[in-house]
Amino acid sequence: MNPAYATTDHFFTVPLDHSLPTGPTIQVLAREVVDRARTDEQLPCLLYLQGGPGGKAPRPSAGSPGWLPQALKTHRVLLLDQRGTGRSTPITARTASRFESPARLAAHLACFRADAIVADAELIRRQLCGDAPWETLGQSYGGFVTLTYLSQAPEGLRACYVTGGLPGLTATADDVYARTYPRVRERVLEFYARYPDDAPRLRKIADLLAADDIRLPGGDRLTTRRLRTLGLALGMGDGFERIHWLLDESLDPDGELTDTFLHQVEALTGFTDNPLFAVMQETAYGQGAGPTSWAASRALAGLPEFAEEADPLLLTGEMIYPWMLQEIKGLRPFADAADLLAKRTDWPPLYDPHRLAANQVPLAAVVYHDDMYVDADLSLRTAREVGATRAWVTNEWEHDGVTTSGGRVLARLMDLAAGRA
């Protein structure tokens, strides 16, 4: 822990289902962080909404996350472990296995979308701040939550900052993946252009996996389709190098996969710490427009360039496939429930286009021109459709620019929202 930061953990008891306030409850953690030299000052609150779904808030340390020192110049920061993550009554493979039926688990998981996160945030705000509104910083999926917040409870907000996370207000899962796969393809080809030896190395690894039953340390079989999910990292600032150096140590002198490689692949593709990322991924696009029906998998089937035998072998990105919940140990207890969620047709809407059009809360958003995960065109359309919005388009950073920019992204967004830029 950075000694310059003073931290206080606040725990809140919230309804599992906010429409049933006297029903079952869960615990939610919000960690307050303030500059130790300013603990006695009445500073405005900034609520951080993490990316995901299923991502816990960052744990503060010296200079990390990269935006935190900038935020602490002017604010108290609340790092929210969104429900089901971190120390907020976490949902894990172990807890999922305790449910008596897939239907019960699916009903439970349906209470963990953005609308419930917003309801939690409002309960927390009222307990900590009374009637005073606060500001929010939403990274990636946290931006999706921000638009839900502006739709449902704008009175709780003084200003909002979104980094790489303006969703298409009416975009379905099919719309999203139709736009996403071409960007993933281009990103993989850029990776191979930077590191030409990695394409044949990946093909050699895939051939080994096809020929032998190779197991990860936890017992899961490593298949080519699981190998390809490593491409999820390619949209981050250090993604190319992370994958390159992983592949650099993948084969021993005898041409066999190394223990180091297998251990790292398991950690990167196992979802042990964040199963909700996989389980709830496509529910983020469910808004009463019919079932999501494993949209990423259906889209992949129509893309021959992504076939496992295609040359070059293309990695995949931020896509979740039904086979993952059967083959990955940390996801198996969720498999049947996730299938029920994929078939659900009555998801309530997460965004209110009419209310957003009339929005008066200053919203400043950075749109990363080359974002692999969130489509820039959809984001800019949303920026035009939401009142009081100022968008900044840049290709200087990747999807994690708010962290890797050392506070510059957040500072610019604060200036935009205040009319200083």
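# Exercises on pockets, cavities and a buried strand

In this predicted model, the second largest pocket has a lining of 14 residues, and those nearest its centre are Ala93, Gly270, Thr272, Lys329 and Gly330.

**Exercise 1.** Characterise the second largest pocket by volume and by the classes of its lining residues.

Solution. 
- Step 1: the space in this pocket is about 260 Å³.
- Step 2: its lining is made up of four nonpolar, five polar and five charged residues.

**Exercise 2.** Describe the largest pocket: its volume, its lining and the elements that give two or more residues to that lining.

Solution. 
- Step 1: the largest pocket holds about 1200 Å³ of space.
- Step 2: 37 residues line the largest pocket, and Gln50, Met236, Arg242, Asn274 and Phe277 lie nearest its centre.
- Step 3: α9 (239–248) and α10 (259–269) are the elements that give two or more residues to this lining.
- Step 4: by class, the lining of the largest pocket has 16 nonpolar, 16 polar and five charged residues.

**Exercise 3.** State how many cavities of 30 Å³ or more the structure holds, and describe the lining of the largest cavity.

Solution. 
- Step 1: there are eight cavities of 30 Å³ or more.
- Step 2: the volume of the largest cavity is about 120 Å³.
- Step 3: 14 residues line the largest cavity, with Phe144, Pro167, Gly168, Val176 and Tyr285 closest to its centre.
- Step 4: this lining divides into 11 nonpolar residues, two polar and one charged.

**Exercise 4.** Decide why strand β5 (residues 134–139) counts as largely enclosed by the rest of the structure, and find which of its residues point which way.

Solution. 
- Step 1: a residue is buried when its relative accessible area is under 20%.
- Step 2: six of the six residues of β5 are buried, so the strand is largely enclosed by the rest of the structure.
- Step 3: in a regular strand, side chains alternate between the two faces of the sheet.
- Step 4: in β5, Trp134, Thr136 and Gly138 point one way, while Glu135, Leu137 and Gln139 point the other way.

Note on methods. Residues are numbered from 1 along each chain as its sequence is written. This is a predicted model: local features need pLDDT of at least 70, side-chain atom pairs count only at pLDDT 80 or more; totals for chains, interfaces and linings use all residues. Side-chain values use heavy atoms; hydrogens and water are left out. Buried means under 20% relative accessible area, exposed over 50%, partly exposed in between (1.4 Å probe, protein chains only). Helices (H or I, at least four residues) and strands (E, at least two) are DSSP runs, numbered from the N terminus. On a 1 Å grid over the protein atoms alone, a cavity is a set of points where a 1.4 Å probe fits but cannot get out, and a pocket is an open set with protein on both sides within 12 Å along at least five of seven lines; lining residues have an atom within 4 Å of a point. Grid points are joined across faces, edges and corners, and a volume is the space filled by probe spheres set on the points. Ala, Val, Leu, Ile, Met, Phe, Trp, Tyr, Cys and Pro count as nonpolar, Asp, Glu, Lys and Arg as charged, and the others, Gly among them, as polar.
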